[in-house]
Amino acid sequence: MSLSLFVRVVTVECLKLKRTLALGMVVLAPVTVVILHGLILYAGGERSVRGGGDAWSQLCTNSVSMWTLLMMPMFVTLETSLLAGLEHNGNWKAVLTLPAPRWAVYIAKLLVAVGLLWMAHVVLFAGTLASASTLRLVQPSLKLDALPLDPLFWPLVSISTAALLGLAIQHWVSIRWASFTAAIGFGMFAMITGFVFANAAAWGRLWPWSLAIHSVRPNTPGEVDLVLAGMIGAIVVALLGSIEFSRRDIP
Amino acid sequence: MPGQAIRTERLSKTFRGKSAVRQVSLSVAPGSVYAFLGPNGAGKSTTIRMLLGLLRPTEGSVALHGMDLQRHRLQILARTGSLIENPSLYAHLTGRENLEICRRVLGAPASDIDRALDIVGLQNAGGSCVKTYSLGMKQRLGLAQALIGRRDLLVLDEPTNGLDPAGMLEVRSLIREVPARHGITVFLSTHLLTEAEQIATHVGILSRGELVFQGTATELSLRRQPRLRIRTDRISDAGALLASAGWPVTPAGESILAEDVTAAAAITRVLVEAGHAVHHVAVETASFEEIFLSMTDAEVL
């Protein structure tokens, strides 16, 4: 298969997003987190700053933590389920009778899901900056004068990569079972276990849905690099998923 | 027959030990409209899914355009348009955007979209979202999808399913026109005999997973042998009398059927001379439905 065909398959998957909730969620989900933490800081940040706290670090840490622990797992579950749901409505038979390898369709959909997650992270990044800039104007006592990008940028880069393993697993589940409820149920299970294992320092670090939150914490020398683990794990799951998808009967 | 549009050899499919298709060897000539007939549950859809690589055969092989499906799947699918039961469409996209999906994967020129919309008569509806389409329009758009690119073969599974009579006529007329105007072979599955009669040049009949007839529509018509239906006041005596006179008959309810239709006058005379009250003598031709029923053991169509 040529690269040009693969690119065409990816663009087709992008075209299918037009006028969908999946595309709207890219803005809605991170903006919800941004607005929520902006309001929290607006209402109670002054007290924290008076106690010696740094409002910008607080905004970055809280936004990234809430996104990583709560919103992102729900976002990934919803996006992968919506993407797969476009085809579960009887469309697989048409998609898979077009002259493109099945693995290309599977990987293209996965890439689109990854793209949506990364776009959401860009929105979260830009939204947090915009929120801080607005707070600087309306609440000068928060002392949001300097907004260094590092406390926001690098955690988002780590999360963007470490979250890929959970996303690849959720993508396979959403494609494998036609039931939207099954995919959402699995996603909820993943979110809750990820939440529970967020504070399990030992083996909980390697739980696919806890990788992201652990990846933004300082790494002890000798421990597995969670960003790398997330990326390699995602590649392995994607390969296995595409092989399984290629062999499956489409009734 | 390497030049056949479709050729299967001993194609079989078993689901969890239950046989759905058994030893089906299809042969579809290029340029033909092949009606794949069978009652509901006969295995037509399973066979079609195997032809398109959606299901893997338990046994046997599939070749389309003279190429083995397993080895040349992508080349085959590039030349094969399909519409399986209800059209697969994205309701939130416009008709044109739905066609664009096929066009991009096929690498076909942009003009193909207008051409396909034109063929199915949806030029003016291409910009509307598919969720606003009627069932007939969706079916026509499904056909348009199958016509994007350079297709030599259309595989259509029950393309008139769920359509009202006007929609059925529209779709049938489209299917009839396609081979003549565009030189495309059509393989069409249906459980509607009238549909097959109206548009097919060739017929295959599937019953309980087995191919029980394959040939031209004319060959199938030849099975519609005329016969003589006779009704008298004493039907069993009449049957015995005619048999002894050299005309074998078969009982058919309140009537008897004689095969020699040229002997209508002679049979009537013999019966009258023997004192029978002859109520009815008529030449009948077996209907397409009767042939189908006799081949498929189907009870209801």
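Author: B:Lys13 forms a salt bridge with A:Asp249, and the closest N and O atoms are 2.8 Å apart. A salt bridge here is a side-chain nitrogen of Lys or Arg within 4 Å of a carboxyl oxygen of Asp or Glu. This pair crosses between chains: B:Lys13 sits in strand 1 of chain B, and A:Asp249 in the segment after helix 10 of chain A. Helices (H or I, at least four residues) and strands (E, at least two) are DSSP runs, numbered from the N terminus. B:Lys13 counts as buried, at 6% relative accessibility. A:Asp249 is partly exposed, with a relative accessible area of 27%. Buried means under 20% relative accessible area, exposed over 50%, and partly exposed in between (1.4 Å probe, protein chains only).

The model is predicted: local features need pLDDT of at least 70, side-chain atom pairs count only at pLDDT 80 or more, and totals for chains, interfaces and linings use all residues. Residues are numbered from 1 along each chain as its sequence is written, chains are lettered from A and ligands numbered from 1 in the order in which they are written, and side-chain values use heavy atoms, with hydrogens and water left out.

Now the other salt bridges. The whole structure holds 27 of them over all chains. One of them joins A:Lys109 to A:Glu87, with the closest N and O atoms 2.8 Å apart. A:Lys109 lies in helix 5 (residues 102-138) of chain A and A:Glu87 in helix 3 (residues 55-88) of chain A, so the pair ties together parts that are 22 residues apart in sequence. A:Lys109 is buried, at a relative accessible area of 1%. A:Glu87 is buried too, at 0%. In chain B, B:Arg7 forms a salt bridge with B:Glu9, and here the closest N and O atoms are 2.6 Å apart. B:Arg7 counts as partly exposed at 26% relative accessibility. B:Glu9 counts as partly exposed at 40%. Shared partners also link salt bridges into one network of A:Glu13, A:Lys16, A:Glu87 and A:Lys109.

Strand 1 (residues 6-15) pairs with strand 5 (residues 59-64) of chain B in the antiparallel sense, over 5 bridges. Two strands pair if DSSP finds at least two bridges between them. B:Ile6 stands opposite B:Leu64 in strand 5 of chain B. Strand 1 of chain B also pairs with strand 3 (residues 27-28) of chain B, antiparallel, over 2 bridges. There the bridge partner of B:Ile6 is B:Val28. Strand 2 (residues 18-24) of chain B is another antiparallel partner of strand 1 of chain B, joined by 4 bridges. B:Phe15 stands opposite B:Lys18 in strand 2 of chain B. The hairpin of strand 1 and strand 2 of chain B has 2 residues between the strands, and B:Arg16 takes a positive phi near 45° in it.

On the chain A side, helix 10 covers residues 226-247 and includes A:Ile232. A:Ile232 is partly exposed, with a relative accessible area of 48%. A nonpolar surface patch of about 740 Å² is made by A:Leu228, A:Met231, A:Ile232, A:Ile235, A:Val236, A:Leu239, A:Leu240 and A:Ile243. Patches are made of residues with over 30% relative accessible area and no salt bridge; like charges are joined within 9 Å, and nonpolar side chains (Val, Leu, Ile, Met, Phe, Trp, Tyr) within 5 Å. Accessible areas come from the Shrake-Rupley method with a 1.4 Å probe, and for residues only the protein chains shown count as cover.

Elsewhere in chain B, an open sheet of 6 strands has the order 7-8-9-4-10-11, with mixed pairing. Its edge strands are strand 7 (80-84) and strand 11 (210-216) of chain B, each pairing on one side only. B:Val186 is found in strand 9 of chain B. B:Val186 is buried, at a relative accessible area of 0%. Contact means heavy atoms within 4.5 Å. Not counting residues up to four places away in sequence, B:Val186 touches B:Ser32, B:Val33, B:Tyr34, B:Leu154, B:Leu156, B:Ile175, B:Val178 and B:Pro179.
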